[in-house]
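Please read them with the sequence and the structure open beside you.

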Amino acid sequence: PGAGNAHLDWTAAVMVTPWTIWEYYGDTQPILHHYAELKRYMGIWQQFATDINAGPGEPNGGLGNHFVGDWCALQATPNALIGRIFCYALSRQMVAFAQLTGQEDDVRTFTDLAERFRAEVISKHIAADGTVSGDSQSGYALIARYRLFEPAQEALVRERFHQRMVADKYGVMTGFHGTGHLLQGLSAMGLATDASKVILSEAY
């Protein structure tokens, strides 16, 4: 970050690619061969955890500004929310990589990092009535996809997600980060009827 076009969410391909190869083909070689580099890359996200809210003028601040975010969306979703969810997901991937390679210290380190971001999503981005920061389809979809809420919040988040889709007439308003999770998020919340309406919608 800070050099050229090294945005955090673009560079995360270094984690997502070996994960996807493993997930679809059962091939662990990219993980085993590049484990040290994957761990080193996640060190950037450990730093992100401490300075996500810091401005670019702060000593170690500004990583939150190196985030493309939900690009091309028709609704704005705060980068801080997307960043925290993104780091949660990547940390869980790193836990799996560490388990695969028998790195127990790393399992604990990245489990703790994931839990830190989960707690911050819940405390900073979900209002008392279940509204997610930005009140956008992408925000709800990502929260739902990774189930980043307390059990007592689920019904409230579900209702707000449903209301968002009704207000949008089931048209897709998501961008790069939200689109791939919209149908999965709706289904995960028990909103299968809403998901089917999205599929059938011809609204822009």
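1. F97 counts as buried, at 0% relative accessibility, where buried means under 20% relative accessible area, exposed over 50% and partly exposed in between, with a 1.4 Å probe and protein chains only. This is a predicted model, in which local features need pLDDT of at least 70 and side-chain atom pairs count only at pLDDT 80 or more, while totals for chains, interfaces and linings use all residues. Residues are numbered from 1 along each chain as its sequence is written, and side-chain values use heavy atoms, with hydrogens and water left out.

2. The helix α5 has 23 residues and reaches 32 Å from its first C-alpha to its last, close to the 33 Å expected at 1.5 Å a residue; the expected span is 1.5 Å times one less than the number of residues. Helices here are DSSP runs of H or I with at least four residues, and strands are runs of E with at least two, numbered from the N terminus. Of the 23 residues in α5, 17 are buried, and the helix is mostly covered. Just after α5, G102 takes a positive phi of about 75°.

3. A search of the whole structure finds eight aromatic pairs. Rings of Phe, Tyr and Trp (for Trp, the six-membered ring) pair if their centres lie within 6.5 Å, and planes under 30 degrees apart count as stacked, over 60 as edge-to-face and the rest as tilted. W10 and F176 form an edge-to-face pair, 5.9 Å centre to centre with 85° between the planes. This pair links distant parts of the chain, with W10 in helix α1 (residues 8–11) and F176 in the loop between α8 and α9 (179–188), 166 residues apart. W10 is partly exposed at 42% relative accessibility, and F176 is partly exposed at 46%.

4. The ring centres of W22 and F97 are 6.3 Å apart and their planes stand at 50°, so this pair is tilted. Because W22 lies in helix α2 (residues 13–25) and F97 in helix α5 (residues 79–101), the pair ties together parts that are 75 residues apart in sequence. W22 is partly exposed, with a relative accessible area of 25%, whereas F97 is buried.

5. Q153 is found in the loop between α7 (137–145) and α8 (154–167), and is buried, with a relative accessible area of 17%. Leaving aside neighbours within four places in sequence, Q153 is in contact with I122 and I126, contact meaning heavy atoms within 4.5 Å.
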